[in-house]
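Me: I'm new to this one and would like a walk through it. Show me the picture and we'll go from there.

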Amino acid sequence: MRQIRVLVVEDSLVFRELLVQNLNRDPAITVVATAADPYEARDAIVKYRPDVMTLDVELPRMSGIEFLRKLMPQYPLPVVVISALSDKVFDALNAGAVEFVAKPAASDRKQVETFLRNELPVKIKIASTAKVSNIKKAALMQEKQSLSVKDNSLVVAIGASTGGTEAIFSVVKDFGTDIPGVVIVQHMPPGFTEMYARRLDDKCRVRVKEAKTGDRVLPGQVLIAPGGDMHMRLVKMDGEYQVECKKGPKVNGHCPSVDVLFDSVAKTAGDRALGIILTGMGGDGAKGLLSMRNAGAKTIGQDESTCVVYGMPKVAYDIGAVMYQEKLSDIAKKTYFLLNRM
């Protein structure tokens with residue numbers, strides 16, 4: 001089996017050597033070069049042609065984000081950003097990175113070991129399958145739509161993973177304040193979901209917030225499941241939709257899980273819901289979307305040509321969960337079209 005060739009870009013010598021040592025232990029990965037700053041990284045990319053690059057956001061001589069903006073048009077390359085808890089990671093994803101992983105606290109030995117042995121290698125393997133030519137292309141082609149919905153007593157549920165932060169933004173930015181309540185699971189580490197929600201809230205017409213138990217599902221509002229160890233479910237209390245966020249074991253390797261959300265929407269809202277599954281690795285959300293369709297909900301899947309990773313939507317499509325397969329740039333328009341016929 002061909003190994004994934006990795007370039008490690010990290011200014012700290014100690015941490016850089018730690019990354020190299022541990023990544024090389026994975027039989028599927030080989031580190032072909034390292035760099036301490038973007039200029040060294042540029043030369044290494046030209047010389048070694050790596051499959052994936054890991055990139056620290058904070059670098060000398062040029063920030064990782066600025067480097068990405070200069071790099072991607074010339075050398076499209078799957079990039080995994082290593083970042084402390086900061087909303088700069090979303091600037092990096094917007095600039096073209098396909099994945100990110102939270103940098104562990106140096107004092108927490110268990111957290112460091114999990115990061116080195118599990119989290120980072122998994123993200124690198126996912127990134128190696130990404131189609132970087134699709135990044136932002138659909139968003140750049142997006143035309144302004146004048147959309148409205150007649151009945152905002154419905155529920156819209158969205159699930160995504162790799163590439164999902166930009167895909168969700170591409171859809172949600174075209175939602176108006178009359179959109180029915182939206183609930184979202186995006187696979188993301190704890191802490192980052194709150195920053196992501198604030199970022200969307202600043203850029204979109206709808207209100208966006210990280211969800212907590214008891215939050216009402218209201219028209220013109222988007223609730224994003226908190227990252228960490230809680231699953232988000234749709235419930236009905238006193239005749240109105242709310243969300244419930246409770247601790248639970250991982251489902252399909254994830255917490256929160258898209259399947260858990262979609263299953264609860266199928267049970268609680270039935271044919272009064274619409275489900276959307278976007279780019280992501282694996283199959284989380286596919287069975288839940290099928291449950292939604294079987295309960296009478298309308299369902300949409302992102303098409304292969306616009307996915308960063310055509311995993312979750314493909315599994316959903318293959319098992320018959322997807323009623324309509326759409327390009328990313330058409331999903332908001334299709335959502336309004338279907339909502340107005342429910």
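Reply: Start with the open sheet of seven strands, which go in the order β8-β9-β7-β6-β12-β13-β14 with parallel pairing. Strands here are DSSP runs of E at least two residues long, helices are runs of H or I with at least four, and both are numbered from the N terminus. Two strands pair if DSSP finds at least two bridges between them.

Me: Which strands stand at the edges?
Reply: β8 (207–210) and β14 (324–326) do; each has a single partner strand, so one side of each lacks a neighbour in the sheet. From one strand to the next, the twist averages 20°.

Me: Before I go on, what kind of model is this?
Reply: It's a predicted model, where local features need pLDDT of at least 70 and side-chain atom pairs count only at pLDDT 80 or more, while totals for chains, interfaces and linings use all residues. Residues are numbered from 1 along each chain as its sequence is written, and side-chain values use heavy atoms, leaving out hydrogens and water.

Me: Good. How many bridges join β6 to β7?
Reply: Six, between β6 (residues 155–160) and β7 (residues 181–186), which run parallel. In that pair, G159 stands opposite V185 of β7.

Me: And which strands does α7 touch when it packs on the sheet?
Reply: β6, β7, β9 (221–224) and β13 (298–302), and its direction makes about 170° with that of β7. Angles like that run from 0 to 180 degrees between N-to-C directions, with axes as lines fitted to C-alpha atoms, for helices over the stretch in contact. Contact means heavy atoms within 4.5 Å. Helix α12 (residues 328–339) packs on the sheet too, touching β6, β12 (273–277), β13 and β14, at about 175° to β13.

Me: How do α7 and α8 cross?
Reply: The axes of α7 (residues 164–172) and α8 (residues 192–203) come within 11 Å and cross at roughly 30°. That makes α7 roughly parallel to α8. The cut-offs are under 35 degrees for roughly parallel, over 145 for roughly antiparallel, 65 to 115 for roughly perpendicular, and oblique for the rest.

Me: Which residues make the contact?
Reply: On α7 they are G164, T165, I168 and F169, and on α8 they are Y196, L200 and K203.

Me: New topic: what order do the strands have in the sheet of five?
Reply: That open sheet goes β2-β1-β3-β4-β5, with parallel pairing. β2 (29–35) and β5 (99–102) are the edge strands, each pairing on one side only. The twist averages 25° from one strand to the next. Helix α5 (residues 109–127) lies across β1 (4–9), β2, β3 (52–56), β4 and β5, running at about 170° to β5.

Me: What joins β4 to β5?
Reply: Four bridges, with β4 (residues 79–83) and β5 running parallel. S83 stands opposite A102 in β5. Four bridges also join β3 to β4 in parallel, and there D56 stands opposite I82.

Me: Is β4 enclosed by the rest of the structure, or how many of its residues are buried?
Reply: Five of the five are buried, so β4 is largely enclosed by the rest of the structure. V79, V81 and S83 cover one side, with V80 and I82 on the other. Buried means under 20% relative accessible area, exposed is over 50%, and partly exposed is in between (1.4 Å probe, protein chains only).

Me: How many residues are in the largest nonpolar core?
Reply: 85, and M53 and F175 have the most contacts inside it. A core here is a set of buried Ala, Val, Leu, Ile, Met, Phe, Trp, Tyr and Cys residues joined through side-chain atoms within 4.5 Å. A second, separate core has 29 residues, including C245, V265, A269 and M292.

Me: What does F175 contact, leaving aside its neighbours within four places in sequence?
Reply: I158, V182, R205, V206, A332, T335 and Y336.
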